[in-house]
Amino acid sequence: MKHTLWTKNFCLVTLATVLGAAGGIAGGFALSFLVFDETGSTLAAALIVAIQLVPHMLLPLFIAPLMDRLPRKAFLVAGDVINGVVYGAMGFWLLFFEFSYVGYLVISLLLACLGSVDQLAYNSIYPGLIPAGMEEKGYAVSSMLYPVLQVVMMPMAAVLLDALGVSWLLVLQGGLSLCAALTESFLRVPRTQLRQERYSFAAWKHDIREAAAYLKHERGLCSIYGYMAVTNGVGNGYAPILVAFFRTMPGMTAAMYSLFSVAEFLGRTLGSAVQYRVKVPDKKKFGFVFCVYQTYEAMDMCLLWLPYPLMLVNRALCGFLGSNSAIMRSAAVQRYIPEQLRARVNAFDSALMTCACCVFSLLVGALGEVLDYRWCVTVCGAAAMAACWLFIWRGRKEVRRIYETKHAAPEKTGEK
């Protein structure tokens, strides 16, 4: 019998991801215009973005222990059902009633909570739906979906926004979320041994301490999480700096900036396609990803000092390399973490990443007030490169073991 990635489970989860992501891109596009059109304030829009980060920082740590005790499929399906109902209700509300900014803040917080739980459930379930030995191929497919959908759905959403209006676009997103939930309901998630004791605050504390004790003994995971928090934090932080640079630098335009995303999309898509077809030997994965990290940070350091055509080449190359290393990392890390701890460990990672994005956004924003924009991005790249040597190279023995492990590591929690 031929060993294939495209099992029934994998096809279903891929279809559900496409439906959910397509709706999310279209709905997000519509809502970004709705808020600005109704308030005329960029600060009002920024406040919504800030509020949406809070659940991703806190909620996973509260939900993950419960998710490790209950069937995770229920969280995934229920999250998409509620998400569909909320978006549909919001669309029908706007058909008959006035827009309320305060009401939308509350809805944004609710949607961010749902998104946080849904992402945690997806990240914890997805590795179990990929056939053994096909992890890199599975994550290659996953990494291609969103950028491809973004390129397809953004112009389509613009057309639908003009043709249907925000209200019906939100109703459409609600319908796509419900279709995603229906598709997910047919998944056959591998059964795990669930603990049956009554859940309480004391049990929650024990579960969090258990995951923290596991991470304490896993220097390799901590090194990867530490570096990813810094590099993603500075990347998130200098995004507004790039906008300011293209707005203020003579000869640069907003349209030229928009081509950055196209160049990176092409690079990521090609990188994912290569990763799907080519398998890097386990013994060479650490060397490859460490080289990618160094190259990526060096490219960031020189980005704004290059002529514009080379800037596009820079972003395309970063997209290509970043996609390859991200696929390897995701497959290796999720394969390495014991299944019974996966949701809680992913929750710690999510909280750390969100905190880093918040902190670095403020630090880099403040740096942009006193420093040339080009030097700001160079400093960000240098900081991320230093973090790579501090976390990845210093912990290379443990990090290398994660990339070379075929199965989940034995659970070492320090708890009896």
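How many helices and strands does the secondary structure of the chain come to? I count 14 helices and zero strands. Helices here are DSSP runs of H or I with at least four residues, strands are E runs of at least two, and both are numbered from the N terminus.

I note that this is a predicted model: local features need pLDDT of at least 70, side-chain atom pairs count only at pLDDT 80 or more, and totals for chains, interfaces and linings use all residues. Residues are numbered from 1 along each chain as its sequence is written, and side-chain values use heavy atoms, with hydrogens and water left out.

**Burial.** I looked up the chain totals. Buried residues make up 48% of the 416 residues. I use buried for under 20% relative accessible area, exposed for over 50%, and partly exposed for in between (1.4 Å probe, protein chains only).

**Salt bridges.** I found 13 salt bridges in the structure. The term means a side-chain nitrogen of Lys or Arg within 4 Å of a carboxyl oxygen of Asp or Glu. The side chains of Glu-136 and Lys-285 form one, at 2.7 Å from N to O. This pair links distant parts of the chain: Glu-136 sits in helix α5 and Lys-285 in helix α10, 149 residues apart. Glu-136 counts as buried because its relative accessibility is 5%. Lys-285 is at 1%, so it counts as buried.

Lys-285 also forms a salt bridge with Asp-282, with the closest N and O atoms 2.9 Å apart. The two are three residues apart in helix α10, so about one helical turn separates them. Asp-282 counts as buried at 16% relative accessibility.

I then checked Glu-135 and Arg-335. Their side chains meet in a salt bridge of 3.5 Å, N to O. Glu-135 is in helix α5 (residues 135-164) and Arg-335 in helix α11 (residues 308-336), 200 residues apart. Both residues are buried. A network of salt bridges links Glu-135, Glu-136, Lys-279, Asp-282, Lys-285 and Arg-335.

**Asp-300.** I went on to Asp-300, in helix α10 (residues 282-302). Its relative accessibility is 3%, so Asp-300 counts as buried. Excluding residues up to four places away in sequence, Asp-300 touches Tyr-238, Arg-315, Val-377 and Gly-381. Contact means heavy atoms within 4.5 Å.

**Helix α7.** I compared length with expectation. The 16 residues of helix α7 (residues 201-216) should span 22 Å at 1.5 Å a residue, and the end C-alpha atoms are 22 Å apart, which agrees. The expected span is 1.5 Å times one less than the number of residues. Among the buried residues of α7 are Trp-204, Asp-207 and Glu-210.
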